[in-house]
Amino acid sequence: LIEEGINNHESMDLTLKYYLDDFIRENKLKKLVLGCTHYPFLKKNFGRIYPELDLLNPSKEVIFEVERILRERDMLADEYNHAEHLCYASDLSENFHNVVNRVFEDDQDVKLEFKKVGEG
């Protein structure tokens, strides 16, 4: 559903409730780790359905760790570096591009070029 862009739809809320209501109640969850690259797209849904849950998004921590390692190895790009970004993916469908656009919606300066895996 996330890849189809159906995040802010009743069907997504119903799906989350179906899979999580009993689990959250039975385990008396207080915190929920958004442990998949797709799950941060559901923050609004979780906040609406489970406002008592503290959502933990590890994405920023991963970014900080990657930056630390690159800095430590003197491999961090100059912030003024106008590099080209070529990304390979196995799925270049419209849904894929929609997800990428949602990821970078706050950073319009990022210019990405995509090639399908196996293409030159």
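Predicted model: local features only at pLDDT ≥ 70, side-chain atom pairs only at ≥ 80, totals over all residues.
I began with Arg68 and Glu65, whose side chains meet in a salt bridge at 2.6 Å, N to O.

How many salt bridges does a search of the whole structure find? I got 7. My reminder on the background: side chains of opposite charge can pair when their charged atoms come close.

Next entry, Arg25. It forms a salt bridge with Asp22, and the closest N and O atoms are 2.9 Å apart. I placed both residues in helix 1 (residues 10-27), again 3 residues apart, about one turn of the helix. Arg25 is exposed, with a relative accessible area of 53%; the cut-off for that word is over 50%. Asp22 has 42%, so I wrote it down as partly exposed.

Then I turned to Asp54. Which residue does Asp54 form a salt bridge with? I found Lys31, with the closest N and O atoms 3.0 Å apart. This pair links distant parts of the chain: Asp54 belongs to strand 2 (residues 54-56) and Lys31 to strand 1 (residues 31-33), 23 residues apart. I noted Asp54 as partly exposed, at 35% relative accessibility.

Back to helix 1, for its shape. I counted 18 residues in helix 1, reaching 25 Å from the first C-alpha to the last. That is close to the 26 Å expected at 1.5 Å a residue. Where is the kink in helix 1 centred? I traced it to Leu20, and the kink is about 45°.

Leu20 turned up again when I checked burial. In helix 1, the buried residues are Met12, Asp13, Leu16, Leu20 and Ile24. I looked for what covers them, and helix 2 (43-49) is included in that cover.

Lys28 takes a positive phi of about 50°.

Notes: Residues numbered from 1 in each chain as written. Heavy atoms only, no water. Salt bridge = Lys/Arg side-chain N within 4 Å of Asp/Glu carboxyl O. Helix = DSSP H or I, 4+ residues; strand = E, 2+ residues; numbered from the N terminus. Buried < 20%, exposed > 50% of the residue type's maximum accessible area, 1.4 Å probe, protein only. Expected span 1.5 Å × (residues − 1). Bend = angle between axes of the 7 residues up to and from the residue. Contact = heavy atoms within 4.5 Å.
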